[in-house]
Amino acid sequence: MEKSRVLVVGGTGYIGRRIVKASLAQGHKTYLLMRPEIGLDIDKLQMLLSFKAQGARLLEASLDDHRGLVAAVKQVDVVVSAMSGVHFRSHNLHLQLKLLEAIKEAGNVKRFLPSEFGMDPARMGHALEPGRITFDEKMEIRRAIEEGNIPHTYISANCFAAYFVPNLCQMRTLLPPKEKVHVYGDGNVKAIFVDEDDIAAYTIKCVDDPLALNKTIYLRPQENILSQNELIAKWEKLSGKVLKKIPIPSDEFLASMKGTDLANQVGIGHYYHIFYEGCLTNFDIRDDGEEEASLLYPEVQYTRMDEYMQCYL
Ligand code: NDP
Ligand code: GO6
């Protein structure tokens with residue numbers, strides 16, 4: 001069977017560029033949008049050109065140009081959106097709805113993957129303000145997809161490793177703590193951490209798999225289901241140093257939202273749900289519309305978190 005042609009929208013972004021690489025590596029004809037808005041962003045342009053040199057095709061279109069977008073979408077079988085999670089002005093929502101309009105009009109797309117790649121928004125109906133806007137917007141796109149009968153797959157990728165792992169889940173830094181580490185509650189709530197290249201590999205595995213059609217695919221590589229304490233222990237073993245643990249009670253953590261900027265408030269809400277409530281792991285995957293990626297695709301050799309942290313030593 002011929003592999004599907006894949007368009008990655010947001011293909012130069014943090015997760016998008018890895019999805020492009022995975023798509024090329026898995027042998028798909030791979031397409032990126034070259035948006036005129038890039039202007040003088042020379043790094044973005046050079047990334048686009050380097051993907052072209054690796055065999056990707058560049059399609060010139062703006063997300064504001066409906067006809068150009070329809071023409072681009074008509075050239076492919078699958079559209080993966082990896083547009084940014086710039087939640088705050090409903091900007092992302094607006095742009096993804098435009099993309100969806102083009103997909104509807106083109107009529108040829110066999111699979112659409114909207115930009116999700118995190119917690120399952122369908123399970124976050126109770127989420128705290130202001131962070132809940134992330135989930136509300138992702139649900140709004142889901143509704144438009146389902147109302148338009150667009151074949152789709154939703155990827156629930158859990159925690160991007162680089163944001164959560166080397167820093168031992170500390171906020172406002174990406175680097176390992178040197179002496180002390182703040183622990184959320186008792187530190188025993190399980191979260192799930194996934195190497196970004198593995199997220200991309202699983203995502204591309206899904207795009208022409210009938211088993212993933214109209215489903216939510218959760219990324220739960222077994223050995224990467226870890227509590228904060230377990231993650232800390234792995235780093236202590238790697239580094240040969242013991243860190244001082246400072247527990248933060250949940251009410252104190254939530255109270256730290258006060259008086260900070262919006263991005264931090266959003267972050268605190270998300271961390272609360274992940275590390276106190278356990279929203280990534282407090283449910284089983286058994287519904288008809290759900291599958292687990294590492295069971296569907298055991299051939300993906302996923303990265304364990306001690307290996308991931310090696311380069312931070
Ligand atoms: P980025 O911030 O890297 O942006 C991705 C792309 O979005 C950009 O490369 C660009 O596309 C496009 N974009 C951004 N602004 C505009 C604009 N104004 N107009 C048009 N296009 C724009 O995204 P991330 O990779 O960080 O996020 C992707 C998804 O992953 C989001 O849904 C986010 O919520 C989720 N996420 C999950 C995390 C987790 O731990 N689970 C962590 C971080 C994000 P182009 O390439 O065309 O220039
Ligand atoms: C990642 C972050 C890290 C916030 C998700 C503030 C959507 C999701 C796991 O953009 O707010 O320091 O699911 O100080 O569905 C950000 C967000 C994490 C990164 C969470 C995310 C995760 C978005 C910070 C910080 C390291």
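Reader: How are helices and strands defined here, and how many of each are in the protein?
Author: Helices are DSSP runs of H or I with at least four residues, and strands are runs of E with at least two. The model is a predicted one. On that definition the protein has 12 helices and 13 strands.

Reader: What is the radius of gyration of the protein, and what does the globule rule give for 313 residues?
Author: The C-alpha atoms fill a box of roughly 55 × 45 × 35 Å along the principal axes. For 313 residues the globule rule gives 20 Å, and the protein comes close to that, so it is as compact as a globular protein of that length. The radius of gyration of the protein is 20 Å.

Reader: What percentage of the 313 residues is buried?
Author: A residue counts as buried when its relative accessible area is under 20%. Of the 313 residues in the protein, the buried ones make up 54%.

Reader: Which residues are the closest to ligand 1?
Author: The shell around ligand 1 has 25 residues. These divide into 11 nonpolar, 10 polar and 4 charged. The closest are Thr12, Arg35, Lys44, Ser115 and Asn158.

Reader: How much of the accessible area of ligand 1 does the protein cover?
Author: On its own, ligand 1 has 910 Å² of accessible area. The part of this that the protein covers is 78%.

Reader: How many disulfides does the structure hold?
Author: A disulfide needs two cysteine sulfur atoms within 2.5 Å. For Cys159 the nearest cysteine sulfur, that of Cys169, is 7.2 Å away. For Cys206 the nearest is that of Cys159, at 19 Å. The number of disulfides is 0.

Reader: Are Cys159 and Cys206 buried or exposed?
Author: The cut-off for buried is under 20% relative accessible area. Cys159 has 2% relative accessibility, and Cys206 has a relative accessible area of 1%. Because these values fall under the cut-off, Cys159 and Cys206 are buried.

Terms used: Residues numbered from 1 in each chain as written. Chains lettered and ligands numbered in written order. Predicted model: local features only at pLDDT ≥ 70, side-chain atom pairs only at ≥ 80, totals over all residues. Heavy atoms only, no water. Near = heavy atom within 4 Å. Areas by Shrake-Rupley, 256 points an atom, 1.4 Å probe, with all protein chains shown as cover. Nonpolar A, V, L, I, M, F, W, Y, C, P; charged D, E, K, R; others polar. Buried < 20%, exposed > 50% of the residue type's maximum accessible area, 1.4 Å probe, protein only. Rg over C-alpha atoms; globule rule 2.2 N^0.38 Å.
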